[in-house]
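Hello,

Here is the structure for you to take over. My notes on it follow below.

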Amino acid sequence: MKAAVFFPGIGYHCDKPLLYYSRKLAQECGYEETIALSYTYDGGNIRGNEEKM
């Protein structure tokens with residue numbers, strides 16, 4: 001079984017074009033399972049904070 005897992009980033013979810021069309025392409029190329037992860041980060045803003053990054 002071929003599976004593809006998609007990991008969105010901060011401020012970018014799997015419904016946006018880059019990951020949406022990548023999932024469609026994976027399905028067309030024979031991947032039986034495409035998993036789009038959805039998660040949240042509650043640690044506050046890490047942008048610009050070198051210690052948290």
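This is a predicted model: local features need pLDDT of at least 70, side-chain atom pairs count only at pLDDT 80 or more; totals for chains, interfaces and linings use all residues.

Residues are numbered from 1 along each chain as its sequence is written, and side-chain values use heavy atoms, with hydrogens and water left out.

The count of aromatic pairs is 1 (rings of Phe, Tyr and Trp, the last by its six-membered ring, with centres within 6.5 Å; planes under 30 degrees apart are stacked, over 60 edge-to-face, the rest tilted). Tyr20 and Tyr21 have ring centres 4.9 Å apart and planes at 85 degrees, so the pair is edge-to-face. Tyr20 is partly exposed at 31% relative accessible area, and Tyr21 is exposed at 55% (buried is under 20%, exposed over 50%, partly exposed in between, with a 1.4 Å probe and protein chains only).

How many disulfides does a search of the whole structure find? The search finds 0 (a disulfide is a pair of cysteine sulfur atoms within 2.5 Å). The sulfur of Cys14 is 18 Å from the closest cysteine sulfur, in Cys29, which is too far for a bond. Cys14 is buried, at 6% relative accessibility, whereas Cys29 is partly exposed, at 47%.

Finally, Tyr39 is exposed, with a relative accessible area of 52%.

Regards
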